[in-house]
Each structure stands twice: as C-alpha cells, then as structure tokens.
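Hello,

Here is the structure I promised to pass on to you. Please have a look at it first, and then read on for what turned up.

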Amino acid sequence: MPLSIETLSHLAIELQSGMSSQDRFARLITGLRRRLGCDAVALLSYEQQLFRPLATAGLSPDVLGRRFRLAEHPRLEAIARAGDVVRFPADSQLPDPYDGLIPGHQQFKVHACIGLPLFIHQTLIGALTLDGMDPHQLDHFSDEELRLVAALSSVALSNALLVERLEKQVIAPVSAGSVSTAVGGDEMIGLSAVMRQLKKEIGIVANSDLNVLITGETGVGKELVARAIHQGSPRAANALIYLNCAALPESVAESELFGHVKGAFTGAIHHRIGKFELADNGTLFLDEIGELSLTLQAKLLRVLQYGDLQRVGDDQSLRVNVRVLAATNRVLKDAVVAGEFRADLFHRLSVFPIHVPPLREREQDIALLAGFFCERSREKLGLGSLVLAPGTLGLLTDNHWPGNVRELEHAIYRATVLARAEQGGGDILLQPQHFALDAARPAADSRPDSPERVELVSLRQGTDNYQRHLIRLALESCGNNWSACARQLAMDPGNLHRLAKRLGIK
C-alpha cells in the first residue's frame, strides 16, 4: 500500500526524538521495514569509496561489521553514482551484497531491490537500501514516495554527522564522513559499552599532546588505538613512526631509537637517523615498551623530559618535538616493583593510560568483527560472497578467544580457505566444521576463575602460570616447532622466544 502522510509524519517525529543517532537509525529502519513490507532494510554511510552500515533490519547481525567497497559491489556503486531512486530489475545480473545475509533465506538471492542515495548539498553522505525476496514486493511504491523517505533519512544522517563534528570541536562543512574511528583502511569495530568508552577516551586524549600508555593483551589492537590517537591529534599531518622494542637486539636498539654517526662502531659506514628524529613534530609509537632494557629506559626518559638526544658516537645534542605513545601487554606496575622497569619512566609515559579490553569482554562486538573479517577475506580471495551459516556465529560468540581480535581474524581467514577448497570459488558458506576452536576454549572445570581449583597467588604470578601452561600446550600440539607455535598463539616469534625465556620454558 502507498505511504500515507501519517506514516511519513511518524517517521519524521521518530528521527528527531531525543535519542542517540544509533537508536534513531535503528528505529527508522525498523519502522520502514514494517511499513514498507520489506524483508530487509539498511542505512549506510558513505566514506572513502565505501558504504558502511549504520543500522539494519532483517539482515544477519554480522552485516553491521561489513564494509562494502564500491569497486567490489556494482549495485552499491550504481546507487552511489545515481542522483535519484534506483530500481534494480528482478533479473539483474549485478550481484546483490545481501545475498545469503537475510536469515532464513541463506540459499536464495534477493529479487526486489531499491537503492536511495542520500545527499546533503549535492554531496553523497549515504544510502538507504530496501530488499525483498518477492520480485514484485516493492513495485507499488512511487518514486515520489521513496524520495520523501530518502529526504527524511538524509536529514537524520546529516544531523548525526554534524553533532559528531561539534562534539569533536571540528569546525568544517558536513560532507561525506564517518561516525566511527577509521584509520587508513583499518577501523575500530565495536558498539559494546567498553568499546564506546575506549573511543571516548581516545577522543579526549587525541587532541592533547600528552604521552599515552596503551595496555592490553596480545592481539587486542593496541597499534590501532595508537593510530587513532595520532589521526585525531594536531600532529596528524606529520609522521607516525612505529618501533617494536621487543624485536630489537640490544646491540642495535640505541641506534634504532636515536641514530648513529659514521664510524660510531664497527659496521657504522654512514650516518643513520633514528626513530625519534624521523618522528620530529609527529608521533612515535613504541610497541612492547616493557621489553626495553634499563639502560635504554634511562636514555628514553631524558628525551621525554628535555626533548634532546644524542646519536650514538656524536657529542652534539639534537632537539626534537615528539609525542610518544607506548604500548605493552605486561603489567608495568609489577615490572616496576620487580626492578625491571623504571618508576620515573612509567609515570612519564602513563600520563593518560588507556586499557584496550580483551575480546571476551566484548561479546556484543564478535558478530560485527566476524562480518568485517568475512568481507575482508572475501575481497582477498576474490569470492562472490562469504556468508556465515546458521550456528556458526553462535560458535564464534561462545569461544573464549585467548588470542583476541587477531585470533578471530586468522580463524575466519583459515576457515574461508578451507571452505573454498571444499566448495570451490564463487559463493562460500562458512560452516562450524570449518573452525577448529575447541582447543582454544578453556574447560569449564579448569578455568582460572574457579576458586576450588586455583590457589590464590599474585596477579602477575597467576598470569605467568597461565601463559606458561598455554605455551607448553601449543608447543606440544605443534611438535615443539616454535615458529608454528607462534602462529598458533598469534604472536611475533621474537616476542614468543623472549616471553618463553622469561617464563623459564627455554
């Protein structure tokens, strides 16, 4: 039936009600799906040649985490290039990005599809898609009615982007933008409470010049947080320099950090610029800072305090203006107590500490991350579609994920490779049997939080015991192959060797 004035009025009122953007968007598409009789509706934002779902109704929950690049999805590209309502014929040969993603219809293709590009001042900011399994499901809606729906949605999306810019105190015209923390093709995926808090903390500290200590387990995405802080800072136009302290042999670490002059030592055949000089007026990200030697910690502290450094073999000092972001998976307070880390450097680095939560505390985000990595794997392997079968998402959500986000990414990519070998190219369905996750899930009667089976020890000792046990299990399963063990634990081999040595395994 046609859209009534009353229906459009209700939609307009709901969009302007005092709710968060996420709630308004969800309410909008839920109402549209019900009133238009669609099988699926999605509101997408447009940014950097891709569409990002903001809210969906009638689609699999992992769709919210997928990112649809125009070059990979010709239907969405057609919508982006159109200036008006786009109706795709039922026999269109263009693949639909939602094929297999409507629950209950995984084996069938979408037949009715309408795309509404959303504009503000002739600038594309998003799209609204309406889909149905019946070829004639949406035929009775006129283009004029759909244009009104598009106009209401455009205003709602534009307002949300404007509010976001005002909150960040960025005075700029509203254009194609993002309401997420996007960084150079990567993105911090997550709508859980802990991720919203993390993004809030990043927004607070990014615009300052404070040093930041980023803590969290291996594989949670600490480097991504560092990139987000840099991109949101006044230094964003300058370099972000990365250095993994754990991968540095002691003999070259000082040269890597501060540089050296020709003839400073055997093999120094030319001058070398250190990471601090490369990061001048920009940001230096020191990953695994807890592995730096005490000698280098003292020299690093001087640079942080006074802004001057000396190249190895040089008597002259250089002045640098560098913001330092440091990351570690260790509890540095315990390292300070143990005499392994300088207390003054710890306090200098942790002016604004940020903790990145493990994946097991972000259960709500697993579906979104699964969708994100599915779309990335689909692009890498050149597949037509990559869909999670019913039951697979529950399997992923229930897993403990000791390797965190990195382990989830690797698990999905491995499963995709296995499924492609089994099903051939084209459209791939990821089944539970494509994932080998049982070994990663702690047994119910042996979890660390079971007081009957765990002796009370310090947090550091308990963490060391758990890591020691996990490494030995992985080594045994890999036939004592350290490289394979590192891959299974989603760790850098050098980091694994150093950790194993510290734990007394080697």
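Beyond its neighbours within four places in sequence, T283 is in contact with H230, R235, A239, L240, I241, V322, R323 and L325. Please keep in mind that this is a predicted model. T283 belongs to strand 13, which covers residues 283-287, and it is buried, with a relative accessible area of 1%. One of its contacts is polar: the side chains of T283 and H230 are joined at 2.8 Å.

Now to another part of the chain. Six strands make an open sheet there, with antiparallel pairing and the order 3-2-1-6-5-4. Strand 3 (68-69) and strand 4 (86-88) are at the edges with a single partner strand each, so one side of each has no neighbour in the sheet. Helix 3 (residues 74-81) packs on this sheet and touches strands 1, 2, 3, 4, 5 and 6. The direction of helix 3 makes about 155° with that of strand 4.

Within the sheet, strand 1 (residues 40-47) and strand 6 (residues 123-132) are paired through six bridges in the antiparallel sense.

Enjoy exploring!

Best wishes

Technical notes. Residues are numbered from 1 along each chain as its sequence is written. This is a predicted model: local features need pLDDT of at least 70, side-chain atom pairs count only at pLDDT 80 or more; totals for chains, interfaces and linings use all residues. Side-chain values use heavy atoms; hydrogens and water are left out. Two strands pair if DSSP finds at least two bridges between them. Helices (H or I, at least four residues) and strands (E, at least two) are DSSP runs, numbered from the N terminus. Contact means heavy atoms within 4.5 Å. Axes are lines fitted to C-alpha atoms, for helices over the stretch in contact, and angles run from 0 to 180 degrees between N-to-C directions. Buried means under 20% relative accessible area, exposed over 50%, partly exposed in between (1.4 Å probe, protein chains only). A polar contact is a pair of N or O atoms within 3.5 Å; within protein, one must be able to donate a hydrogen and the other to accept it, and residues adjacent in sequence count only if both atoms are side-chain atoms.
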